Amino acid sequence: MSDAKIAWQTVPGQDFTDILFDKADGIAKITINRPHVRNAFRPETLEEIMTALHLARLDQEVGVIILCGAGPDAFCAGGDQKIRGDDGGYKDQAGVHHLNALDLQRMIRTLPKPVVAMVAGYAIGGGNVLQLVCDLTIAADNARFGQTGPRVGSFDAGLGAGLMARTVGLKKAKEIWFLCRQYDAQQALEMGMVNTVVPLDRLEEETVSWCREMLRLSPTALRVLKAGFNADTDGLSGVQELAGNATALFYMTDEGQEGRNAFNEKRAPDFSRFPPRP
Ligand SMILES: CC(C)(COP(=O)(O)OP(=O)(O)OC[C@H]1O[C@@H](n2cnc3c(N)ncnc32)[C@H](O)[C@@H]1OP(=O)(O)O)[C@@H](O)C(=O)NCCC(=O)NCCSC(=O)c1cc(O)c2ccccc2c1O
């Protein structure tokens, strides 16, 4: 199959209402499917995305994940203001309030495979933070980015502010949040908020081509690099993620296995075969 073509297959066995979950050629695609509200999310949407991400993480056929919105008009317009309640978050259908966008942000950052945002149309508010926390962003030429929090009575002073500042610089990040302007795809590219801009009709083709390039590379190298890129921003939990990769690799060595074997064989471990390396 040429690089331009991909035959998405719906991942079977799921009962999603707010997202589509497809897979092909080592790539999983999660589509926020609420175009009537510019793909704004409700708590259920975020739960479904997290379920799909978990499945994609466990699936050893999947090396890269695409996150996108249904239709050409929006990637995601953030939290659904129609179900934003008075009790500290967004109401699910049982009336419970959530801010589970923050759980999703952390999940994307700790997921040990690259997550690529494919942005057509608006990426606004929590939708812009969502594309920001993805590892790469491919934008269509109709994409528009911005924060609205201070206008609609909200703010994301966590990754929304801090990661934004690390991505586009402190002054620009403050401008984005303090003025609540919108920026077109070219401006987003110039400020380093996205990786490339392509015509809308070539968006998926280009995104898939970037994914296929990554799939040709070492998954372990990409995994550890991702953890390394996030480690300082995420503090000790970022170090935990990076260190977990070191532990997993150590478990694969004879030296690591000698400790386990000695315990199971009720003998003292003999690490003398493993000299301290320079
Ligand atoms: C995105 C827009 C700029 C698009 O404008 P456009 O003119 O193209 O379309 P309409 O405005 O006519 O919208 C069409 C239709 O969609 C509805 N809609 C759009 N966005 C939302 C939304 N976010 N919630 C609910 N509904 C939405 C709109 O009402 C129309 O429906 P009708 O029935 O009226 O026809 C523009 O739509 C826009 O500016 N949207 C609002 C963007 C916004 O302010 N988002 C919320 C920001 S706050 C946030 O996202 C957020 C979420 C979190 O989970 C947080 C967690 C923790 C901390 C902070 C958080 C946070 O800040």
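Which helix is the place of P150? P150 sits in helix α4. Helices here are DSSP runs of H or I with at least four residues, strands are E runs of at least two, and both are numbered from the N terminus.

## Basis of the model

This is a predicted model, in which local features need pLDDT of at least 70, side-chain atom pairs count only at pLDDT 80 or more, and totals for chains, interfaces and linings use all residues. Residues are numbered from 1 along each chain as its sequence is written.

## P150 and its surroundings

P150 counts as exposed, because it has 12 C-beta neighbours inside 10 Å. The cut-offs are these: a residue is buried if 20 or more other C-beta atoms lie within 10 Å of its own, exposed if 12 or fewer, and partly exposed in between, with C-beta atoms placed from the backbone.

Neighbours within four places in sequence aside, P150 is in contact with F155, W177 and C180. Contact means that the C-beta atoms of two residues, placed from the backbone, lie within 7 Å. P150 and L179 are 29 residues apart along the chain, and their C-alpha atoms are separated by 8.4 Å.

## Overall build

The protein has 11 helices and 13 strands. Its C-alpha trace spans about 65 × 45 × 40 Å along the principal axes.

Buried residues make up 36% of the 278 residues. Of the contacts with a separation of 6 or more, 64% link residues 24 or more positions apart.

## Two domains

The protein divides into domain 1 (9-217) and domain 2 (220-264). These bounds come from an automatic or database domain assignment. The domain centres, taken over C-alpha atoms, are 28 Å apart.

Across the boundary, 10 residues of domain 1 are in contact with eight residues of domain 2. On the domain 1 side, α2 and α5 (159-168) each supply at least two residues. Helix α5 gives the most, with three residues. By class, this side has five nonpolar, two polar and three charged residues. Nonpolar covers Ala, Val, Leu, Ile, Met, Phe, Trp, Tyr, Cys and Pro; charged covers Asp, Glu, Lys and Arg; the others, Gly among them, are polar.

In α5, the buried residues are L159, G160, L163, M164 and V168. They fall within an arc of 115° seen down the helix axis, so they line one face of α5. The arc is that of the directions from the helix axis to the C-beta atoms. These buried residues pack against α2, α3 (126-133) and α6 (170-179). Just after α5, G169 takes a positive phi of about 95°.

In α2, A101, L104, Q105, I108 and R109 are buried. Their arc is 135° seen down the axis of α2, so they too line one face of the helix. The cover over them includes α1 (43-58), β8 (115-119), α3, α5 and α9 (219-231).

## Ligand shell

The ligand is surrounded by 21 residues, and the closest are G78, G79, A101, G125 and G126. A residue is near a molecule or strand if its C-beta atom, placed from the backbone, lies within 6 Å of it. Three elements each supply at least two residues of the shell: α2 (101-110), β9 (122-124) and α4 (149-152). By class, the shell has nine nonpolar, eight polar and four charged residues.

Most residues other than glycine have a negative phi. N39 has a positive phi near 60° and is not a glycine. N39 is found in the loop between β3 (27-32) and α1. N39 is buried, with 31 other C-beta atoms within 10 Å.

C180 has a positive phi of about 55° and is not a glycine either. C180 lies in the loop between α6 and β12 (182-184). With 16 C-beta neighbours inside 10 Å, C180 counts as partly exposed.

R273 is found in the segment after α11 (254-264). R273 is exposed, with 8 other C-beta atoms within 10 Å. R273 and D254 are 19 residues apart in sequence and 9.5 Å apart in space, C-alpha to C-alpha.
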